[in-house]
Amino acid sequence: MITKKLHIKTASRLAHINKEIYGHFSEHLGRCIYNGIYVGEDSEIPNTNGMRNDVVSALKEMAIPVLRWPGGCFADEYHWMNGIGPKDKRVKMINTNWGGVTEDNSFGTHEFMELCDQIGCEPYLSGNVGSGTVRELSEWIEYITSDNVSPMTDLRKQNGREKPWHLKYLGIGNESWGCGGLMTPEYYACQYRQYQQFCKNYNGNKLYKIAVGPNGNDTNWTEKLMPYMQPSFTDAISLHFYTVPTGNWDDKGNATNFSEEQYHMTIRETQKIGPMIEEHLAIMDKTDPEHKIGLAIDEWGCWYNVEEGTNPGFLFQQNTMRDAVVAAINLNLFNRRADRIVMANIAQVVNVLQSVILTEGAKMLRTPTYYVFKMFKKHHDSTLVESTLENTILAHDGISYEDVSVSASILECGDLFITLCNANPDETYTIDTAIDESYSCFEASILTGEMGAHNTFDEPDTVKDCSYGGVALIGSHASITLPPCSIVTVQLKR
């Protein structure tokens with residue numbers, strides 16, 4: 001058994017970890033919304049106002065803090081007035097981005113805000129800049145948040161909502177460099193400035209405005225965008241990055257039947273987001289040296305080939321321990337840059353890409369990725385502390401990456417919370433942990449399994465978290481055993 005040394009300095013308080021780093025993303029794509037989240041009030045599947053009770057309950061247990069909607073690429077073809085009023089009178093459209101299916105708009109603004117109310121999370125809207133108008137977005141914000149005497153307020157009341165909703169997060173467009181309009185950064189920046197100007201703050205509601213940032217390592221977009229951004233009207237810019245194991249978007253590899261080499265490639269590829277973030281932050285520093293504009297990684301996760309026999313436009317894929325490891329690596333990384341990362345949203349919440357939940361008719365299961373978010377939730381709104389891990393590089397047939405990741409934070413109650421991930425599928429490690437304070441007891445949990453282990457509707461509990469005894473604690477020293485392909489959380493108590 002190999003030993004790695006971990007040093008934690010609880011006196012070195014580095015940043016507040018926004019709970020929004022643990023955010024999620026829902027798009028009108030495949031079975032994410034319809035049959036995944038929303039089944040309608042008349043469904044035989046147990047629901048509350050059309051929302052699946054089992055899905056809402058699972059998301060509440062995971063403590064989802066923020067949910068992004070309606071896209072994604074769908075956002076820049078979405079016209080919100082088509083999704084309000086009596087459902088039998090709502091305008092139907094073709095979802096040209098995802099499968100060419102008919103969108104009946106039965107899930108619209110009222111339904112989304114109802115969903116967020118049921119979950120207890122913040123809504124995050126993506127506004128239509130690609131095919132919409134300034135007036136359209138302006139009136140959407142007014143419809144949702146205004147309690148003044150106005151046509152939009154009257155319209156909302158006519159549709160059954162007397163009081164305005166609270167809306168904090170607003171994205172001005174989505175992927176404007178691609179499906180959102182094929183814009184140049186300079187053109188989009190001017191569009192952003194105009195659109196955001198007419199998104200007003202009504203009745204004490206304060207919008208947190210997020211501009212479309214770069215696609216992956218496109219530093220040119222960040223370079224050209226940032227001179228147009230000012231903290232007075234820009235709270236954050238976004239970053240989108242997907243982990244594609246093969247690096248080939250035409251053949252991304254499979255979600256379950258993958259080789260050990262493809263596993264190692266996946267871990268290497270996902271860790272590329274680390275230096276990518278640093279590059280973009282360095283560019284942002286040039287025009288925002290006081291770090292008033294944050295970074296929102298509002299689309300991230302694994303993207304594989306769709307499951308055989310499913311609609312290629314629905315992006316349905318299974319979810320294994322490999323995905324859980326990817327999730328843990330990214331969340332630890334986001335925690336460690338919580339001084340600059342204000343939000344992150346894994347794609348997507350149900351039945352699409354790296355989902356935390358899968359459904360099939362009345363059946364529902366939690367994926368391995370779900371359990372990572374559940375296990376890490378104690379980091380929400382905690383205080384990041386300094387942690388340094390030695391000897392982390394694994395080399396496998398020319399593929400090198402850090403095989404153990406960690407982040408640590410102080411909880412509101414004063415306990416120390418540590419999250420560790422061992423990406424090595426073959427080796428058990430002992431993490432020899434030195435802490436600058438003493439603790440008397442601990443609670444620990446673990447998620448582990450073979451790299452391809454996953455849950456099915458016949459066997460939904462193959463991979464799940466459980467309590468863990470592989471920790472030895474003596475005062476200010478802890479010895480933590482990390483089995484191969486595992487995620488471990490430890491809460492140390494005084």
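Author: A definition to begin with: a salt bridge here is a side-chain nitrogen of Lys or Arg within 4 Å of a carboxyl oxygen of Asp or Glu. Keep in mind that this is a predicted model.

Reader: Fine. How many salt bridges does the structure hold?

Author: There are 27 salt bridges. One of them joins the side chains of arginine 90 and glutamate 111, at 3.2 Å from N to O.

Reader: Where do arginine 90 and glutamate 111 sit in the chain?

Author: Arginine 90 is in the loop between β5 (66-69) and β6 (93-94), while glutamate 111 belongs to helix α2 (residues 109-119). The two are 21 residues apart, and the pair links distant parts of the chain.

Reader: Changing topic. Which strands make up the closed barrel?

Author: The barrel has 8 strands, running β2-β5-β8-β9-β10-β11-β12-β13, and the pairing is parallel. From one strand to the next, the twist averages 30°.

Reader: And how many bridges hold β2 to β13?

Author: Strand β2 (residues 23-25) pairs with strand β13 (residues 341-347) over 3 bridges, in the parallel sense. Histidine 24 has isoleucine 346 in β13 as its bridge partner.

Reader: Which strands does helix α7 lie across?

Author: Helix α7 (residues 260-270) lies across β11 (236-243) and β12 (294-302), and runs at about 165° to β11.

Reader: OK, now the open sheet. What is the strand order?

Author: The order is β23-β22-β25-β20-β19-β16-β1-β21-β24, which makes 9 strands with mixed pairing. The edge strands, β23 (466-467) and β24 (471-482), each pair on one side only.

Reader: What about β20 and β25, parallel or antiparallel?

Author: Antiparallel: β20 (residues 416-422) and β25 (residues 486-493) share 7 bridges. Cysteine 421 has isoleucine 487 in β25 as its bridge partner. Helix α10 (residues 368-376) packs on the sheet and touches β20, β22 and β25.

Reader: Which strands does α9 lie across?

Author: Helix α9 (residues 321-336) lies across β16 (383-389), β19 (404-410), β20, β22 (441-448) and β25, at about 50° to β19.

Reader: And at what angle do α8 and α9 pack?

Author: Helix α8 (residues 273-287) packs with α9 at about 30°, and their axes are 11 Å apart. Angles under 35 degrees count as roughly parallel, so α8 and α9 are roughly parallel to each other. Their crossing is right-handed.

Reader: Which residues meet there?

Author: Ile273, Gly274 and Ile277 in α8 meet Asn330, Leu333 and Phe334 in α9. The residues of that contact divide into 4 nonpolar, 2 polar and no charged.

Conventions:
Residues numbered from 1 in each chain as written. Predicted model: local features only at pLDDT ≥ 70, side-chain atom pairs only at ≥ 80, totals over all residues. Heavy atoms only, no water. Pairing = 2+ DSSP bridges. Helix = DSSP H or I, 4+ residues; strand = E, 2+ residues; numbered from the N terminus. Contact = heavy atoms within 4.5 Å. Axes fitted to C-alpha atoms, helices over the stretch in contact; angles between N-to-C directions. Parallel < 35°, antiparallel > 145°, perpendicular 65-115°, else oblique. Left-handed = near helix turned anticlockwise from the far one by under 90°. Nonpolar A, V, L, I, M, F, W, Y, C, P; charged D, E, K, R; others polar.
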